[in-house]
Amino acid sequence: MVNKKLGNFNPSNSNIVQPVRFYKIVALTFLFLTILLLGLITFVSSKRAEITITTRSDTVDAAFSFDVGREVENMPVKATVTSTVVTVSKTFSPKGERQIVSKAGGLVTIYNVSNIQQPLVATTRLLTADGTLFRLKNSTVVPAQGQVEVEVYADKEGDIGDIRTEEFTIPGLNLSRQKEVYAKSDKSLSGGVKTVGVITSSDIQKGTEEVLQELKQAGVDEFQARYDGKKVVSTIAQYAIEPDKKIGVETDSFALVGRATVVAVIFDDKEMNEYANDLLNKQIVDNSEILESTADAPGVTIENFDLEKGTAVVKVLQNGVVNIDPNSKELQKIMFFGKSEDELRRYLLSLNHIQIVEVKFKPFWNSTVPHVADHVKVMVKQTTIE
């Protein structure tokens with residue numbers, strides 16, 4: 001019988017190794033899951049999105065008409081219809097011109113340095129150094145050692161006689177006498193070519209337009225004095241404007257006299273503004289829009305009137321500026337969650353008043369808007385109409 005020597009064997013050693021391996025696997029698995037969870041948290045928390053939205057303001061108008069007057073019931077704005085007759089006279093200068101060729105003239109002074117007086121008859125010649133001839137209009141006598149102011153005219157028509165100050169000789173006298181009796185002009189001689197105003201149809205037309213405006217304003221002034229503190233809107237019912245000179249007449253001025261019946265609607269300005277703004281707000285049917293501003297006052301005009309009944313139809317036009325409301329549901333962050341840049345652009349640009357969309361994702365590998373509101377930054381830049 002052969003005896004074999006067995007090595008040291010302890011059954012309890014294998015029982016110890018099994019649990020150690022198990023716990024090691026559990027620990028590694030937990031560590032892996034922890035790292036995975038931390039990575040996921042880091043991935044989610046690092047995602048950022050910056051969205052810049054540039055909006056565009058647009059105009060909105062509200063136009064409406066309603067009856068006013070003493071026979072009208074339930075007027076949205078209480079108003080009075082009245083009229084008056086006014087008269088205006090205004091003077092104008094014609095824009096048309098015509099040139100008239102004539103003989104220049106003016107005043108000159110004749111000097112006599114001798115001790116003998118010198119009589120001169122009408123048409124006596126006076127000659128300038130360059131040969132321009134003038135004539136004495138009336139007879140005169142130049143006293144010895146004296147002088148006399150006389151009127152002269154050019155011998156020929158045209159601008160040849162339009163001269164500045166000049167010295168004249170009197171060729172009708174002998175040479176020695178010409179040195180003693182001579183003439184000088186202290187002022188220029190003119191009138192060879194005259195430009196005169198001529199009334200044209202354009203002058204009458206433009207003048208009529210101005211007189212019409214003054215007739216209307218004269219009526220407004222009268223109504224404002226009568227209805228102090230009230231708003232006045234007026235129109236001219238009928239008018240007549242007559243010139244005091246005919247077309248083609250040469251003149252420096254002409255007058256137009258106008259007479260008109262002016263119709264006015266009188267109302268409280270504040271009450272009209274409130275009514276117009278209420279109707280303007282009703283034009284904004286989209287809940288995402290906001291009214292940024294309105295005109296200072298609505299435009300009010302008279303469409304038609306009946307003076308016998310004392311009624312009129314007024315038209316009111318109010319306009320304002322609307323934009324998208326930054327607090328609207330369409331611009332809430334939740335509407336952007338999970339969208340790519342292309343999806344976000346297509347969504348926002350489909351909305352009214354959105355003009356430009358800029359999107360920035362962080363970090364570089366991120367391509368969608370995170371689902372965490374704090375990680376989404378939205379900026380709205382509103383532009384206004386210039």
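Author: Arg346 has a relative accessible area of 53% and therefore counts as exposed, the limit for that class being over 50%. This value, like every other one below, is taken from a predicted model.

The partner of Arg346 is Asp342: the two residues form a salt bridge in which the closest N and O atoms are 3.1 Å apart. Both belong to helix α5, which covers residues 341-349, and because they stand four residues apart there, about one helical turn separates them. Asp342, at 47% relative accessibility, is classed as partly exposed. A further contact involves Tyr347: the charged end of Lys339 sits over the ring of Tyr347, at 5.3 Å from the ring centre.

In general, side chains of opposite charge can pair when their charged atoms come close. The model contains 11 salt bridges. Among them is the one between Lys362 and Glu50, with an N to O distance of 4.0 Å. Lys362 is in strand β19 and Glu50 is in strand β1 (residues 48-56), so this contact ties together parts of the chain that lie 312 residues apart in sequence. Lys362 is partly exposed, at 46% relative accessibility, and Glu50 is likewise partly exposed, with a relative accessible area of 28%.

Another of the salt bridges joins the side chains of Asp58 and Arg56, N to O, at 3.2 Å. Asp58 is partly exposed at 23%, and Arg56 is partly exposed at 33%.

The peptide bond joining Lys362 and Pro363 is cis, with omega at about -10°. Pro363 is placed in the loop between β19 (354-362) and β20 (376-383). As background, most peptide bonds are trans, and most residues other than glycine have a negative phi.

Asn74, which is not a glycine, has a positive phi near 55°. Asn74 is located in the loop between β2 (58-69) and β3 and, at 76% relative accessibility, is exposed. Thr123, also not a glycine, has a positive phi of about 75°. Thr123 occupies the loop between β6 (118-120) and β7 (125-127), where its relative accessible area of 40% makes it partly exposed.

The aromatic side chains form another group of contacts. The structure holds seven aromatic pairs. In one of them, the ring centres of Phe64 and Phe66 are 6.3 Å apart and the ring planes meet at 15°, so the pair is stacked, as planes under 30 degrees apart are counted. Phe64 and Phe66 are both buried. Ring pairs also bring in Tyr275, so that Phe64, Phe66 and Tyr275 are linked into a cluster.

A second stacked pair consists of Phe92 and Phe254: their ring centres lie 5.7 Å apart and their planes are at 25°. This pair links distant parts of the chain, since Phe92 is in strand β3 (residues 79-92) and Phe254 is in strand β15 (residues 254-267), 162 residues apart. Phe92 is buried with a relative accessible area of 11%, and Phe254 is buried at 1%.

Strands of a sheet pair through backbone hydrogen bonds, either parallel or antiparallel. Here three strands form an open sheet in the order β3-β15-β14, with antiparallel pairing. Its edge strands are β3 and β14 (231-243), each of which pairs on one side only. On average, neighbouring strands of the sheet are turned by 20° against each other, with direction ignored. The antiparallel pairing of β3 with β15 extends over 14 bridges, and within it Ala79 stands opposite Phe267 of β15. Helix α3 (residues 201-226) lies across β3, β14 and β15 and runs at about 135° to β3.

Methods: Residues are numbered from 1 along each chain as its sequence is written. This is a predicted model: local features need pLDDT of at least 70, side-chain atom pairs count only at pLDDT 80 or more; totals for chains, interfaces and linings use all residues. Side-chain values use heavy atoms; hydrogens and water are left out. Rings of Phe, Tyr and Trp (its six-membered ring) pair if their centres lie within 6.5 Å; planes under 30 degrees apart count as stacked, over 60 as edge-to-face and the rest as tilted. Buried means under 20% relative accessible area, exposed over 50%, partly exposed in between (1.4 Å probe, protein chains only). Helices (H or I, at least four residues) and strands (E, at least two) are DSSP runs, numbered from the N terminus. A charge sits over a ring if NZ of Lys or CZ of Arg is within 6 Å of the ring centre and within 35 degrees of the ring normal. Two strands pair if DSSP finds at least two bridges between them. Axes are lines fitted to C-alpha atoms, for helices over the stretch in contact, and angles run from 0 to 180 degrees between N-to-C directions. Contact means heavy atoms within 4.5 Å.
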